[in-house]
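We will go from stop to stop, picking residues and looking at what surrounds them.

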Amino acid sequence: MIDINSAIKHFESHDPKVVTLLKNYAVAKRVIKKSPPDMYARELFASIVSQQLSTKVADIIWGRFANLVKVPEDPKVVKKFSVEQLRTVGLSNSKATYILAIANGVTDGTVLLDHLDSLDDEAIIAELVQLKGVGRWTAEMFLLFTLARPDVFSVGDLGLRNAADKFFDKKLKPEKLLKLSAAWSPHRSAVSLALWHSLDSKV
C-alpha cells in the first residue's frame, strides 16, 4: 500500500525537502489503489499500449483497443485477435505482437498472474519479464500502479530521472540515482509519485 501520510511522517524528522515534495503531491489527492487480480492482464495490455506515447494519445488508442476486443481484461478473448486486427486501432506491429504474446503467456501458464501479489517485488519482476514485450520498466510500473507496492523506484524511467535531477539540482547517472534513492526506502513509491508530479506542478 502506498501511504503518502505515512511517508510524510517518516521523513519529517530527517528530510524536510522530501516532506515538502510529498506535501505538494498530496495536494493533488491522487491515490494509487491496488487493482484486483482479474484486472492484472488488462493493466499489462494498457502498459504496452501507453509505451512512448503521450497520455492523450495512449487513452485514444486504448479506447479503440477496448472497443475492439470488448473484454480487455480477459487474455483468452484478446488472444483470439490477430496482429493485423489489433493494428487497426493504431497499435504498431511490435505492440500488437507484444499484447498477443502477453495474452498467450498468461493463458498458457507461463506467468500465473493471480499469485503475483504473494511474491516480493524482485520475484514479480522476474516473473513478468518472461513475457515478450515486458521489460523491467514495465514490470516496475506494474508494481507501482497495479499492485500499489510501497517501495518502487524505477531508475529506468526518463521522467523520474529528470524530476530527480531537478530535485537534487544536478545531473545524476542512473547508478548514482539508484544509490541515492535507497535513502527513501521504504517509501520510494510515494517519493516517485511526488517527483513525477513535480514536473507538472508549478508549486
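Between which two helices does the loop with Ala 148 lie? Select Ala 148 and follow the chain both ways: the loop runs between H9 and H10. Bear in mind on this tour that the model is predicted.

**Stop 1**

For context, most residues other than glycine have a negative phi, and most peptide bonds are trans. Ala 148 counts as buried because its relative accessibility is 4%, and the cut-off for buried is under 20%.

Now select Asp 169, in the loop between H10 and H11. Phi of Asp 169 is near 60 degrees, again a positive value in a residue other than glycine. Is Asp 169 buried or exposed? Its relative accessibility is 69%, so Asp 169 counts as exposed.

Two further backbone spots are worth a click. Gln 52, which follows H3, has a positive phi near 60 degrees. Then pick the peptide bond from Ser 185 to Pro 186, which is cis, with omega near 10 degrees. Pro 186 sits in the loop between helix H11 (174-181) and H12.

**Stop 2: helix H10**

Select residues 158-168 to show helix H10, and highlight Asp 165 within it. Asp 165 has a relative accessibility of 11%, so this residue counts as buried. Show its surroundings: leaving aside neighbours within four places in sequence, Asp 165 is in contact with Lys 170, Lys 171 and Leu 172.

**Stop 3: the nonpolar core**

Next, colour the largest nonpolar core, which has 65 residues. Those with the most contacts inside it are Phe 45, Phe 65, Leu 86, Ile 99, Leu 113, Leu 128 and Leu 195. Zoom in on Leu 195. Which residues does Leu 195 touch, not counting those up to four places away in sequence? They are Leu 21, Phe 153, Leu 160, Ala 163, Ala 164, Phe 167 and Trp 184.

Then move to H3, where Tyr 40, Ala 41, Leu 44, Phe 45, Ser 47, Ile 48 and Val 49 are buried.

**Stop 4: the largest pocket**

Switch to a surface view and find the largest pocket, with a volume of about 1100 Å³. To centre your view, select Arg 30, Ser 50, Thr 55, Trp 137 and Phe 145, which lie nearest the pocket's centre among the 33 lining residues. Helices H3 (40-50), H4 (55-69), H9 (136-146), H10 and H12 (188-200) each give two or more residues to that lining. Colour the lining by residue type and you will find 17 nonpolar, nine polar and seven charged residues.

**Stop 5: Ser 92**

Finish at Ser 92, in the loop between helix H6 (83-87) and helix H7 (93-107). Ser 92 counts as partly exposed because its relative accessible area is 32%, between the cut-offs of 20% and 50%. Draw a distance to the side chain of Ser 94: a polar contact of 3.1 Å joins the two side chains.

Methods:
Residues are numbered from 1 along each chain as its sequence is written. This is a predicted model: local features need pLDDT of at least 70, side-chain atom pairs count only at pLDDT 80 or more; totals for chains, interfaces and linings use all residues. Side-chain values use heavy atoms; hydrogens and water are left out. A nonpolar core is a set of buried Ala, Val, Leu, Ile, Met, Phe, Trp, Tyr and Cys residues joined through side-chain atoms within 4.5 Å. Buried means under 20% relative accessible area, exposed over 50%, partly exposed in between (1.4 Å probe, protein chains only). Contact means heavy atoms within 4.5 Å. Helices (H or I, at least four residues) and strands (E, at least two) are DSSP runs, numbered from the N terminus. A polar contact is a pair of N or O atoms within 3.5 Å; within protein, one must be able to donate a hydrogen and the other to accept it, and residues adjacent in sequence count only if both atoms are side-chain atoms. On a 1 Å grid over the protein atoms alone, a cavity is a set of points where a 1.4 Å probe fits but cannot get out, and a pocket is an open set with protein on both sides within 12 Å along at least five of seven lines; lining residues have an atom within 4 Å of a point. Grid points are joined across faces, edges and corners, and a volume is the space filled by probe spheres set on the points. Ala, Val, Leu, Ile, Met, Phe, Trp, Tyr, Cys and Pro count as nonpolar, Asp, Glu, Lys and Arg as charged, and the others, Gly among them, as polar.
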